[in-house]
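Dear colleague,

Please find below the structure that I am handing over to you. My findings follow it.

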Amino acid sequence: MASIGTIAPSSLSRKDLLWQIVWDKERCAFCGRCTAVCPVHAIELGVFRKRLLQVAAGMETQPSNVYQVFYGIRQKTDPAYSCIGCGTCTLVCPNDCIIPIRNDEIDKLRFHINRGGQPRRRGGRRNVPEGILDRIKFVRISMLTDPALDAGRHEFELRTILGRVLPPEETLKLYKEEGWSPPVREIYPLIIGSMSFGALSPTMWEGLQMGVAYLNEELGMPVRMCTGEGGCPPRLLRSRFMKYVILQIASGYFGWDEIIHAIPEMKEDPCAVEIKYGQGAKPGDGGLLMWYKVNKLIAAIRGVPPGVSLPSPPTHQTLYSIEEAVAKMIQSLYMAWGFRVPVYPKISGTSTALAVLNNLTRNPYAAGLAIDGEDGGTGAAYNVSMDHMGHPIASNIRECYLNLVKVGKQNEIPLFAAGGIGKRGNLAANAAALIMLGASGVQIGKYIMQAAAGCVGSETDRCNICNIGLCPKGITSQDPRIYRRLDPEKVAERVVDVFLSFDTELKKIVAPLGRSTSLPIGMSDALGIDDYHAAERLQIKYVV
Amino acid sequence: MESEQWVKIEGIIGGYRVDSRILEERIQEAVASGARFIEVYAAGQHGIGGRLWRAKDENVYVRVIGSPGQRLGAMGFPNTTIEVMGPVSDDVGWLNAGATIIVHGNATNGAGNAMAQGKIYIAGNIGARGMTMTKHNPRFAPPELWVLGSVGDYFAEFMAGGIAVICGYQPQDPENVLGYRPCVGMVGGKIFFRGPHKGYSLPDAKLVPIDDESWIWLIENLKLFLENIKKPDLFDVLAKRSDWQLIAARSPMEKVLLPRKSMHEFRMVVWEKELGKGGLIGDLVTFDQSPIPIITTGFLRRYVPVWENRKYQPPCEASCPTGIPVRDRWQLIREGRIDEAVDLALAYTPFPATVCGYLCPNLCMKGCTRTAQGVAPVDTTILGKASLSAKPPKLPPITGGKVAVIGGGPAGISVAWQLRLKGHEPVIYDMRSELGGKLTEVIPPSRIPQEVLDAELDRVRKLIPHVHLQQKLSKEEFERLKLDYDFVIIATGAQKPRMLPVPGIERAISARDFLRRSRSNDISPGEKVVIIGAGNVGCDVATEAFRLGAKDITLIDIQEPASFGKERKEAEAIGAKFLWPRFTKAISEKGVELSSGELLEADTVVVAIGDQPELENIPDTVAKDRGFVKVNEYYQTTDPKIFAIGDVVKLGLLTEAIGAGRIAAEAIDEILKGKRPRRDVRMVIERGRIKSEYFDPRLAPGVPLERCANACASCGSCRDCGICITICPQGAISKVEGLKGSFEMAVDGEKCIGCGFCAGACPCGIWNLVENDPIE
């Protein structure tokens with residue numbers, strides 16, 4: 001909108017905005033769909049005045065002015081209503097006449113999203129499109145050196161182990177002396193990572209769970225999904241589908257009293273329990289589910305009254321050291337299901353990951369370690385945490401794995417990698433690279449949101465409003481008017497598509513390596529990269 | 001075969017195995033030299049019997065005794081028949097291009113791999129990957145593989161053509177004659193088989209009925225096969241049609257994914273069966289969870305339009321201290337109700353012509369939305385001047401309280417006027433013989449025609465009784481008034497001029513005295529006049545001094561002069577100089593001495609730095625603050641029976657004094673009715689909601705009144721222009737007529753999609769788009 005009065009420091013023009021709405025007056029049918037659907041009201045019907053000067057050729061009559069009023073779709077320039085580039089307007093436009101275009105330079109908006117001294121907060125992902133995972137190649141192609149396999153016709157057993165595998169002598173000793181050995185689960189190596197019921201909409205969450213159940217029961221793929229912190233619907237807790245679920249416990253412990261009450265009625269043990277200590281997207285920061293997302297439903301599942309904000313502190317408040325943290329939390333959660341359910345911690349990618357891992361190796365109850373790298377996504381965080389904090393997953397996983405190799409425990413304590421896997425669409429390649437660097441499996445979040453529900457987020461600051469409950473696709477909203485846009489059945493179908501196609505792609509990668517019955521965990525001689533220093537750091541081949 | 005001339009070729013000579021290359025050369029040489037019956041004593045040599053093209057159209061028979069190596073008959077030609085008297089190694093008939101190969105024993109892996117023509121007859125079982133990657137070239141007959149027993153695993157992988165016949169006679173695995181995972185990637189050809197199987201690749205192949213033509217082909221060729229392997233007796237055992245089945249490749253169009261449940265079916269029969277109806281959260285929500293379209297209407301709209309007619313104050317009314325609803329007056333004019341528009345003013349002020357028309361800086365116009373949007377505001381002075389002829393409203397009978405108003409200036413008259421309109425009985429006490437205060441006392445006649453002022457004062461005089469005081473009220477008299485009346489209102493103004501504490505101040509005259517005397521031409525200022533204080537009063541002094549003959553007029557101030565508007569312009573027009581910052585040190589006979597040492601010569605020095613109230617005789621129960629009476633938002637002092645308005649509270653504009661009178665009168669009225677006083681709580685409409693784009697920016701509104709009325713955007717009050725009805729893409733808005741010509745715009749929620757076009761287009765800012773009520 002034109003500034004005709006005074007200008008303020010935050011008076012921006014369209015030129016200053018990150019996303020600029022391009023609208024075609026000629027094609028517009030003024031149907032109102034774009035303004036009705038815009039999640040943030042960035043566009044509105046505008047009234048415009050046009051001036052025509054009428055000067056007769058030959059100047060035989062007096063020149064005159066004619067003013068005409070016309071209408072158009074106008075973009076607001078108030079930072080509070082700036083376009084997020086989600087493109088929902090484009091999606092609903094019947095005449096293809098509106099589209100947000102990204103600014104051709106660094107936008108000025110970013111310097112003003114801190115009104116009242118509140119720095120920018122958002123959801124989504126790190127706005128850094130590049131990543132090392134896409135640069136890793138699989139350079140060991142065993143045509144004749146190993147029996148080459150055919151991804152299409154050979155049978156593959158792409159499974160991984162979640163749980164502690166002690167050396168045989170220790171297992172026997174434990175079993176003899178205590179009649180117990182650590183529980184292990186054989187699961188599919190691609191896990192749907194922790195996204196809470198609350199961060200995700202009910203339809204999205206149900207769609208994911210339904211897809212997972214289908215994969216297990218109709219296709220025999222032991223896919224698992226982690227609940228995230230936010231509890232678990234009572235019906236799921238009491239169903240046989242529980243075995244496909246990894247329950248997460250985090251610093252807010254939301255929903256855990258409901259889980260405890262359900263234990264006596266559970267038909268199946270959960271797959272595992274993940275203790276969240278950190279999250280890749282916002283390392284060292286807690287979570288906050290804003291009061292307006294805490295409706296009756298969320299409140300019931302989390303075991304709180306509706307309409308209150310739910311903070312998860314950055315740390316578990318009763319843990320003071322690694323030793324204590326690990327021992328206390330892992331023991332407590334093992335006890336919940338009579339030591340039948342594997343329990344493992346999840347940390348954010350960090351240069352201190354080795355310290356955590358070393359501690360876990362000394363604890364026979366630790367069922368694994370999940371590390372969430374800097375490229376992980378989140379429902380809500382400070383922009384600065386998302387863009388600038390955290391550790392890349394590749395080198396973090398690699399150093400942990402190599403350390404396990406050093407102490408001879410690489411087959412004993414599985415590592416799970418997360419954070420930015422498939423962020424540019426190369427899910428299987430990224431997953432395979434991490435597996436060959438040493439991960440026993442990978443967790444995905446953003447990828448499944450994009451592939452299974454049509455999340456429009458990108459690493460170029462598109463959309464990113466998961467935090468305000470207005471997700472245009474209904475993925476992260478608690479408003480039925482929005483989340484009912486998402487059909488759980490269709491989400492479930494897409495989950496199945498994703499896992500089937502991932503499965504084929506993973507086979508296409510591992511078959512030429514001659515692997516079909518075990519994942520090539522740590523098979524780093526198959527990896528190469530065209531960056532010498534990266535190759536050195538990851539201890540893989542430098543190839544040009 | 002009488003003429004058979006058998007050439008024997010040894011695979012072992014002198015105890016040494018003959019190299020495959022040598023054996024091949026010997027066979028080829030033999031054929032080239034005319035041999036057509038060759039007996040090879042094989043010892044593991046590769047590729048025996050293939051490639052015998054040198055015999056051209058003549059048939060060549062190769063009999064293999066011993067142990068042939070891999071790829072027997074590889075690249076075999078149609079002229080060739082190879083008969084292996086025992087078992088054969090891997091890849092028999094590899095890339096066979098027409099040879100007939102008869103094996104009297106088992107064959108190992110890869111039998112017939114990649115063959116395109118010819119026939120392979122195996123009198124036993126075969127190993128893994130038989131009949132794989134075989135093709136049918138339409139130029140030739142399809143290749144055939146006949147197996148008497150069973151086949152190994154991965155049979156017919158990528159089979160692209162040809163016919164395989166598995167007789168299932170004495171199979172290696174009696175449970176499964178086709179082996180594990182046959183037909184993966186099969187795209188062409190067919191497989192006759194006899195006996196049990198354990199599945200084949202369903203996406204690639206299908207079981208089809210054996211039609212008569214196929215059956216005839218099968219038994220005819222079965223006979224031939226059995227003859228070739230010298231087991232014709234088995235024909236009767238094998239030629240039972242019901243024992244046989246046929247697998248054919250699916251065509252590209254028939255390729256299917258593994259048949260599996262649809263997700264919908266899964267949801268209904270598995271998911272909800274386990275979890276209960278409604279799935280995961282069916283027990284926790286009561287409302288519908290089914291999918292909805294992205295564009296919704298009715299209850300499912302995220303936003304709904306609201307017709308907020310007259311909910312907000314227009315900026316003109318909000319910026320008028322008197323609170324005159326200017327917008328509504330223009331609206332009445334647009335509706336042709338000019339008299340009502342004019343008369344309306346008297347409900348708010350006793351001086352619409354004097355103040356709105358002449359003396360007021362017209363804050364309404366400064367606040368006008370048009371001003372804020374860079375175009376000329378609607379001119380209220382026209383409306384003000386027209387109000388001279390306004391008829392006072394019908395007076396209610398006096399039924400209310402008695403109120404003493406001390407001071408007959410604009411504030412006092414205003415409060416008395418308002419009280420009288422509400423049926424109370426006000427009495428004005430004033431020192432002067434005529435009402436008017438500042439209006440009649442100090443405002444220069446140049447600023448307002450005397451007849452206008454007189455007319456409006458006449459109107460007041462007819463309504464309000466006036467007690468002419470001979471002297472200032474004493475404290476005791478004040479207390480008596482308090483007893484005699486329900487309320488006492490102090491509206492004495494600021495009578496006492498502020499003077500500077502500088503030497504020679506006695507030589508100067510106050511602005512107030514100067515103006516009072518100038519009105520009656522009772523002063524002659526001389527040629528040179530210096531005015532200390534360059535505010536609007538100073539400007540009035542300057543213009544009056546000029547009228548009275550002054551030539552050289554200077555206004556000084558310690559800061560940038562605060563004067564503005566007409567006063568300032570007129571002072572500048574008569575050539576008055578404005579100097580600042582200037583600090584007065586003393587006033588001498590010659591004029592004003594400044595702290596800089598400069599002397600401003602003057603015949604007359606006027607001090608115009610403001611007036612202050614006289615508070616001496618006001619009761620102690622009334623708190624004061626820095627020389628003024630302290631009041632609350634209703635102008636009530638700390639003594640609840642005493643109100644104070646006008647300059648005695650805070651120096652201000654005429655309109656502010658008049659507005660204070662109105663607010664105080666309303667509060668007193670409410671209190672007298674036993675209520676708690678209330679202020680107007682309406683907010684001012686946001687400027688952005690008004691669309692000035694509908695107006696011609698070059699066209700300054702002016703006379704006649706109708707033109708002004710049309711230029712008013714009618715902020716916050718519906719003009720009934722019909723734009724919303726027209727622009728709504730869903731046709732959801734309609735006008736609903738009410739009683740007495742009233743109307744409202746109504747939205748059909750079942751049509752509306754909440755696009756906000758109505759709000760975007762509404763010239764007056766009536767429509768608002770608000771969030772729909774939350775669901776649970």
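Two residues are taken to be in contact if their C-beta atoms, placed from the backbone, lie within 7 Å. On that basis, residues 24 or more positions apart account for 63% of the contacts in chain B with a separation of 6 or more. Please note that this is a predicted model.

Overall form. The C-alpha atoms of chain B occupy a box of roughly 165 × 65 × 50 Å along the principal axes. The radius of gyration of chain B is 58 Å, whereas a compact globule of 776 residues would have one near 28 Å. Of the 776 residues in chain B, 48% are buried.

Architecture. Chain B contains 22 helices and 34 strands.

Backbone details. The peptide bond from W580(B) to P581(B) is cis, with omega near -5°; P581(B) sits in the loop between β23 (577–579) and β24 (584–587) of chain B.

D91(B), although not a glycine, has a positive phi of about 60°. D91(B) lies in the loop between β6 (80–84) and β7 (97–103) of chain B, and it counts as buried because 26 other C-beta atoms lie within 10 Å.

N362(B) is likewise not a glycine and has a positive phi of about 55°. The loop between α8 (352–359) and α9 (363–367) of chain B holds N362(B), which is buried, with 23 C-beta neighbours inside 10 Å.

Yours sincerely

Conventions:
Residues are numbered from 1 along each chain as its sequence is written. Chains are lettered from A and ligands numbered from 1 in the order in which they are written. This is a predicted model: local features need pLDDT of at least 70, side-chain atom pairs count only at pLDDT 80 or more; totals for chains, interfaces and linings use all residues. Helices (H or I, at least four residues) and strands (E, at least two) are DSSP runs, numbered from the N terminus. The radius of gyration is taken over C-alpha atoms; the globule rule is 2.2 Å times the number of residues to the power 0.38. A residue is buried if 20 or more other C-beta atoms lie within 10 Å of its own, exposed if 12 or fewer, and partly exposed in between; C-beta atoms are placed from the backbone.
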